[in-house]
Amino acid sequence: MTDASIESRVRLAVAAALDKKATDLDVLSVGELTSIADYFVLCSANNERQAQAIADSILDRLKSELNVRPLLVEGTTPGRWVLLDFGDFIVHIFTEDVRRFYGLERLWGDAPNVTAEYTGEGVAQAFKKTS
């Protein structure tokens with residue numbers, strides 16, 4: 001593993017996702033609600049190809065910069081919901097229709113949204129899709 005803090009690993013994953021134009025990115029602090037993970041990173045992609053590019057970017061950056069590898073990667077084929085499990089945080093990359101259908105934000109509605117802590121307030125708003 002690495003000596004990097006969970007915050008630095010989540011921040012790097014967020015930056016890698018945004019570099020590949022992930023939209024509607026949210027970081028939920030779920031640690032008080034479940035033992036599964038401390039954070040969920042949720043983001044959307046326009047299509048399956050972009051979802052895979054986002055996942056590849058996150059995996060590459062965490063491995064090359066912090067020597068962090070996932071415990072589990074699921075959903076790369078067909079790529080409508082890609083899950084990257086790093087143990088203490090999980091990244092969910094959805095196509096927009098799949099994200100709406102499953103509504104993880106609703107399921108984890110009690111989890112504090114800490115996106116601004118990982119992106120900076122201005123950056124978080126700039127990457128949010130307009131409704």
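**Aromatic rings and overall fold**

Mentor: Trp81, Phe94, Phe101 and Tyr102 form one aromatic cluster. Rings of Phe, Tyr and Trp (its six-membered ring) pair if their centres lie within 6.5 Å; planes under 30 degrees apart count as stacked, over 60 as edge-to-face and the rest as tilted.

Trainee: What kind of model is this, and which thresholds apply?
Mentor: This is a predicted model: local features need pLDDT of at least 70, side-chain atom pairs count only at pLDDT 80 or more, and totals for chains, interfaces and linings use all residues. Residues are numbered from 1 along each chain as its sequence is written, and side-chain values use heavy atoms, with hydrogens and water left out.

Trainee: How many aromatic pairs does a search of the whole structure find?
Mentor: The search finds 6 aromatic pairs. In one of them, tryptophan 81 and tyrosine 102 are tilted, at 4.8 Å centre to centre and 50° between the planes. This pair links distant parts of the chain, with tryptophan 81 in strand β4 (residues 81-85) and tyrosine 102 in helix α3 (residues 96-102), 21 residues apart. Helices (H or I, at least four residues) and strands (E, at least two) are DSSP runs, numbered from the N terminus.

Trainee: Is tryptophan 81 buried, exposed or partly exposed?
Mentor: Tryptophan 81 is partly exposed, at 26% relative accessible area, and tyrosine 102 is also partly exposed, at 40%. Buried means under 20% relative accessible area, exposed over 50%, and partly exposed in between (1.4 Å probe, protein chains only).

Trainee: And how are phenylalanine 86 and phenylalanine 89 arranged?
Mentor: They form a stacked pair, 4.9 Å centre to centre with 15° between the planes. Phenylalanine 86 is buried, with a relative accessible area of 2%, and phenylalanine 89 is buried at 0%.

Trainee: Changing topic, what is the secondary structure of the protein chain?
Mentor: It comes to 6 helices and 5 strands, in the order α-β-β-α-β-β-β-α-α-α-α from the N terminus.

Trainee: Which way do β1 and β2 run?
Mentor: Strand β1 and strand β2 (residues 39-45) run antiparallel, joined by 5 bridges; strands pair if DSSP finds at least two bridges between them. Aspartate 26 has leucine 42 in β2 as its bridge partner. Strand β1 (residues 23-29) is mostly covered, with 7 of its 7 residues buried.

Trainee: What share of the whole chain is buried?
Mentor: Of the 131 residues in the protein chain, 47% are buried.
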